[in-house]
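Good morning, everyone. Please have the sequence and the 3D view open. I will start with one term, then walk through a few places.

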Amino acid sequence: MSRSKKQTIAILVLGISFGFIYSVLFREISCLQKLELNTYDTFLRWQSPDDPPKEILLVKLNRQYREKRAANPNFSERVFYASLIKQLLENDVAVVVLNLRHYWRDIPDSDWKDADLSNSPLRELVGKYGEQIVLVTRSDSLFEETPSELQTYHHFLPRNDDLSPTIAPNSVQGFSEYELEAENPRSSTSITRRTNLRGEFVTLDGNQPAQKFHSAPLLALEKFARQQNKYKLKTEISFPQTIGVNYWDSSSNFPAFNVEQICDRNVVEECKLAPQLNLRSLVANKIVLVGFSEGRNHNTLPVTTPFGNKIPLLEFQANVLASLITGRYYRVLSVWSQWLIWLVGAIIVSGIFIFNMDSSRLDYPKSFFWIIFGVIFVYVGLTLILWQNYYTLPIVIPLSIWSASAISTCICLVLGLQRQLITQQRQTIEQLQRAEEKAVILQTRKLLQRVASDIHDTALQDLKVIMDRLELELNLDPEFVIDRLEIIGRQIREQLNSMRQMSQKLEISSILRSGIDIGIQANLEQLVDSDQLTLQVIYDLHPIDEPKASTNWIDAREDIYRFFREAINNVLFHAQPPYGNATQVKVSLWREQNRCYLAIIDNNCQTSVTPSVETSTKRRSSGGYGTKIMETIALELPQGAWERTIIPDGGIKVQLAWNFSFDDSHC
């Protein structure tokens, strides 16, 4: 499988896996949800409209209204409420949105006889002005359960003789979502930030299947459009299922009146217009929202805005309605769209990490971080642009998911690369061990060959001479023969004993495993530290790019190192005081194309070497044991040659040269 295909599979697997896992986790973490909400609210405040639409007017029922009710035993809330609505409708209000008391959902238990009397005023208004009235029915959040239960106000609807309503409940009733979290929102998915315009509900009476209802602001806008423009607004086409609510700053509240400003305070049982009040000029052709505006109870239901202040549910409905009228509502991504963004983003960041990482080591190019910042910058920039066009994109949770996915991908890559490196190191060590074992065998073979060669060239040659003389000379002195045989035997025993000692020490020099240049330098430093070498040492050692797992090179490296030690021993015992007058020694190692060189140069002025140059190409018939070793090593290296040169200004240069070509194919 190609590397690019493996990378693609890794990107998809890691990106989708981490994206899914962190999407499930992070969307439930409260601190991230709160941070997302704060970011969302910041954008809302930043783009808050200046002035609310003039078509909306609020009529608030407050504390004074409740006190008036409590002070008069003949006061009927429903009758008074109906008279207030009637005054508004008779003064050319386009649409009235009625937020009823919570307990008005049911017929009072205490006055069954007077139930029709208290409910009939509102029922008559609904029957007469049904196209201009919206009854608000509060419901739980539709994000929690579908279909939800919804109370229908049958006692406020006109009905036939069989008590069935003459108009459909969903034509006059609109729902308004509310939840306890509205007073203290904890996420950007709260109904205070995102509200549903349509929903499917099961009525509490259970007589009918689930029905579709519009939200109260949407139903009011639908009726307002018919009142003003004489056409039917296609709400299903014009507006999405869920919208993000836009808020008008508290410094520019919606136009509002308290009920005392409209109704005469001297009249208690019903609402009579206050003297000198031209109500028609205030409410004509407007959408009037009537409701309760004070206290924390089932009627006011406080909602916290992005500006931090609490407003009653009545004003929240006004903000929703204003968002619809002005078209300044936010298009909310569906759940599957958010998941798609999270997963695609996780795949992208995983791909960036995988494609930009060096597969051989944990390293990233400098451009990698610019790519990461670029992705973040592009997403944040896209979010800002979409916000300008009333489309919302989450920021905190996606960036958290992508960051966690990137970190997890990096950790997986690190662990995978570490495992790969450990495997490679183990294979390299095993390969090196096998190469060193073969190198030891080669060293042993050459040792046997050298000892056999030495015995053949010395003791056996002398034995042959004695045997020839015994055959040719009849009067040969027996004592002489015995003495010579003893000498020959002693030489053979010495050679064999030397071979035994060398075989016990035969191993691969650990000092050379990091490189022959490092091994040579370490050996020189040991000699200096132990005061065996007192000359000034000049280092000119260069790495020669060694094939460390090559058996032939390991074998040759041991020979080259032995050549160096023989050469440096010559310096110690012939050039260094008190044996000579040298003051420095220079050790050089370098490579020129495929030719390598090792040189040891001292500045000893006393030398007993008469020829100016001795080379391995001129085989000497005599010489020391060290010289023979150096000659043998030079001959066994590829294109090997060595020379010892007397420098005119004083000193000796010993140089070994060889071709750097070590093939293990025959091993």
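First, the term. Buried means under 20% relative accessible area, exposed means over 50%, and partly exposed is in between, with a 1.4 Å probe and protein chains only. Now the ground rules. This is a predicted model, where local features need pLDDT of at least 70, side-chain atom pairs count only at pLDDT 80 or more, and totals for chains, interfaces and linings use all residues. Residues are numbered from 1 along each chain as its sequence is written, and side-chain values use heavy atoms, with hydrogens and water left out.

Let's begin with F175 and F201. Both are buried. How many aromatic pairs does a search of the whole structure find? There are 20. Rings of Phe, Tyr and Trp (its six-membered ring) pair if their centres lie within 6.5 Å; planes under 30 degrees apart count as stacked, over 60 as edge-to-face and the rest as tilted. For F175 and F201 the ring centres are 4.9 Å apart and the planes are at 55°, so this pair is tilted.

F175 is in strand β5, residues 173-177, and F201 is in strand β7, residues 198-203, so their pair ties together parts 26 residues apart in sequence.

Next, a neighbour. S139 lies in strand β3, residues 133-139. S139 is buried, at a relative accessible area of 5%. Contact means heavy atoms within 4.5 Å. Leaving out residues up to four places away in sequence, S139 touches L150, F175, S176, E177, Y178 and F201.

Stay with β7. Two strands pair if DSSP finds at least two bridges between them. Strand β4, residues 148-150, pairs with β7 in the parallel sense, over three bridges. There, L150 has T203 of β7 as its bridge partner. β7 also pairs with strand β8, residues 211-214, in the antiparallel sense over four bridges. G199 stands opposite F213 in β8.

Now a second aromatic pair. W553 and F660 are tilted too, at 5.1 Å centre to centre with 55° between the planes. W553 lies in helix α17, residues 551-575, and F660 in the segment after β20 (652-659), so this pair ties together parts 107 residues apart in sequence. W553 is buried at 0% relative accessible area. F660 is buried at 10%. As for α17 itself, it is mostly covered: 19 of its 25 residues are buried.

On to helix α16, residues 516-529. The expected span of a helix is 1.5 Å times one less than its number of residues. For the 14 residues of α16 that gives 20 Å, and the end C-alpha atoms are 20 Å apart, which agrees. Which residues of α16 are buried? They are I516, D517, G519, I520, N523, L524 and L527. After α16 comes D531, with a positive phi near 65°.

Y40, F43, W46, Y330, W387 and Y390 form one aromatic cluster. That's my tour.

Methods:
Helix = DSSP H or I, 4+ residues; strand = E, 2+ residues; numbered from the N terminus.
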